[in-house]
Amino acid sequence: MRAMLLALGACCLVAGKEANSTLRRPRHNNQHPKGLDTRNAWTKEGWAHLMGLLARGRANETSPVAYPHANVDILLALSHVVSPAQAKDMRVAVISSITPWVEAAIRHYGFSSVVTVDYNPPSTQLMPSSARVRTIGVDELRNSKLLFDVIVSFSGIEHDGLGRYGDPVDENGDLRAMRELAKSLAPAGVLLLGVPVGPKDA
């Protein structure tokens, strides 16, 4: 059986139960440091900045401005499904990532490494080897037998099929992506899925 956890907005839905979080907006609307906000290359300076904020308990400042407190939500969601001690031996993937803010939270939480899957995989050559972040393309995932215990997708699925990020235009792209994620989950694996919610579809 495959499990699914949705991290949406300011609360987490865990096995159908709401777990309210004490979340607040960041005091400063920081943009990520120069050199980090690029699809082509992730840098050691950007990585050090994110990991430093996380180490100082400032996860809310690692989330992009468009997603206030998203990393706080992700860390809370992770705490409902796996302990940091268990995480170190688990395989985890991030689906769709322009900057490594989710990857940093995952590594900070206790996972020993992370695989990022994207249509345009960013280069990690400028990151320290200690980051233990590997990027692969969507086709590489499809052609592999990789299975993950945890998959995190934050504001990615709803873009699949729109053709904006190198993906083929496909009116059912989001549904196809969900099927592919299901195939990439290990038995009893967990999907943390963040999607836009609200009264108006933007």
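Leaving aside its neighbours within four places in sequence, with which residues is Phe154 in contact?

The model is predicted: local features need pLDDT of at least 70, side-chain atom pairs count only at pLDDT 80 or more, and totals for chains, interfaces and linings use all residues. Residues are numbered from 1 along each chain as its sequence is written, and side-chain values use heavy atoms, with hydrogens and water left out.

View 1. Helices (H or I, at least four residues) and strands (E, at least two) are DSSP runs, numbered from the N terminus. Apart from neighbours within four places in sequence, Phe154 is in contact with Tyr67, Ala70, Ile74, Ile95, Trp101 and Gly194; contact means heavy atoms within 4.5 Å. Phe154 counts as buried, at 17% relative accessibility. Buried means under 20% relative accessible area, exposed over 50%, and partly exposed in between (1.4 Å probe, protein chains only). Although Phe154 and Tyr67 are 87 residues apart along the chain, their C-alpha atoms are separated by 9.6 Å.

**View 2. Ser155 in the loop between β9 and α6 (173-184).** Ser155 is buried, with a relative accessible area of 14%. Its contacts, leaving aside neighbours within four places in sequence, are Tyr67 and Gly194. The side chains of Ser155 and Tyr67 make a polar contact (2.7 Å). A polar contact is a pair of N or O atoms within 3.5 Å; within protein, one must be able to donate a hydrogen and the other to accept it, and residues adjacent in sequence count only if both atoms are side-chain atoms.

**View 3. The largest nonpolar core, of 30 residues.** A nonpolar core is a set of buried Ala, Val, Leu, Ile, Met, Phe, Trp, Tyr and Cys residues joined through side-chain atoms within 4.5 Å. Leu78, Ile106 and Phe111 touch the most other members. Among the elements that each supply at least two residues are α2 (70-81), α4 (101-109) and β10 (185-194); α4 gives the most, with six residues. Not counting residues up to four places away in sequence, Leu78 touches Tyr109, Phe111, Val150 and Leu192.

**View 4. Helix α1 and its covering elements.** Helix α1 has twelve residues and reaches 16 Å from its first C-alpha to its last, close to the 16 Å expected at 1.5 Å a residue; the expected span is 1.5 Å times one less than the number of residues. Buried residues of α1 include Trp47, Leu50 and Leu53. Their cover includes β4 (41-43), α2, α4 and β8 (133-137). Just after α1, Gly57 takes a positive phi of about 75°.
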